[in-house]
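Let me put the thing on the screen, and then I'll talk you through it.

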Amino acid sequence: MDNHTITIVLDDSTHFKTLAKLSLDTLADFWNVWHFENELQNPFSKIFVALFNRDPIGFLVTHITASAVIQSFAVAKEYQKLGVGTKLFEEFLKECKNQKIKTITLDVRVSNTTAIQFYSKKCFQIAHTAKNFYREPTEDAYLLLYKLQPQGENHNAKQPTETKE
């Protein structure tokens, strides 16, 4: 798949049923249609959708205020490790830079090594480990932090490392 054939759009509810199915197929903490509809009502929320031949193959949901929080992020299993997640993240990062956001945060299950490796490559740092953060199953979470630099360059550490508080 050529990365240039992927289009990133801001969703307006057009793809919510497909996104809910994609979420169910890929995430332990999946979102249903109601979650996406609820996000659409939030003025601080943006839903970035990756399209391949007009079909949704990934999404990134964020809240952007003084900082940005990634609420949910998924790519269809058959399109993982093909640059789709990177393209979604880069589009989201452009929006953050346009809004002069300085930090991005998110939480991830400590067992989700695929996501942790992805975020590590994007220079996220582990800011904290939250014990028993998730339910069904109960699991710890890493709270990850990404700092944007004023010049647009990111000087975060290459590997996520836990910071001491």
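**A walk through the fold**

The helices here (H or I, at least four residues) and strands (E, at least two) are DSSP runs, numbered from the N terminus.

Before I go on, some housekeeping. This is a predicted model, with residues numbered from 1 along each chain as its sequence is written. Local features need pLDDT of at least 70, side-chain atom pairs count only at pLDDT 80 or more, totals for chains, interfaces and linings use all residues, and side-chain values use heavy atoms, with hydrogens and water left out.

Back to H15: is it buried or exposed? It's buried, at a relative accessible area of 15%. Buried means under 20% relative accessible area, exposed over 50%, and partly exposed in between, using a 1.4 Å probe and protein chains only. Setting aside residues up to four places away in sequence, H15 touches L51, R54 and P56, where contact means heavy atoms within 4.5 Å.

Now the whole chain. We have 4 helices and 7 strands, and along the sequence they go β-α-α-β-β-β-α-β-α-β-β. There are 165 residues, of which 42% count as buried. Take the contacts with a separation of 6 or more: 61% of them come from residues 24 or more positions apart.

Next, the sheet. The 7 strands form an open one, ordered β1-β2-β3-β4-β5-β7-β6, with mixed pairing. At the edges are β1 (6-10) and β6 (125-134), each pairing on one side only. Two strands pair if DSSP finds at least two bridges between them. For β4 (residues 68-75) and β5 (residues 103-109), which run parallel, there are 2 bridges, and A68 has I104 as its bridge partner in β5. Lying across β4, β5 and β7 (139-147) is helix α4 (residues 113-121), which runs at about 160 degrees to β5. For that angle, axes are lines fitted to C-alpha atoms, for helices over the stretch in contact, and angles run from 0 to 180 degrees between N-to-C directions.

Over in strand β1 we find I8, which is buried at a relative accessible area of 16%. Which residue is 80 positions from I8 in sequence, but 6.7 Å away in space, C-alpha to C-alpha? That's L88. L88 is also among the buried residues of α3, along with F89 and F92. Beyond its neighbours within four places in sequence, I8 is in contact with F48, V49, A50, K87, L88 and E91.

As for α3 itself (residues 84-98), its 15 residues at 1.5 Å a residue should span 21 Å, and the end C-alpha atoms are 21 Å apart, so the two agree. The expected span is 1.5 Å times one less than the number of residues.

Just after α3, K100 has a positive phi of about 60 degrees. A66 is 34 residues from K100 in sequence and 8.5 Å away in space, C-alpha to C-alpha. A66 lies in the loop between β3 (55-64) and β4, and it's exposed, at a relative accessible area of 69%.

Last stop, the inside. The largest nonpolar core has 46 residues, and I70, F89 and F92 are among those with the most contacts inside it. Such a core is a set of buried Ala, Val, Leu, Ile, Met, Phe, Trp, Tyr and Cys residues joined through side-chain atoms within 4.5 Å.
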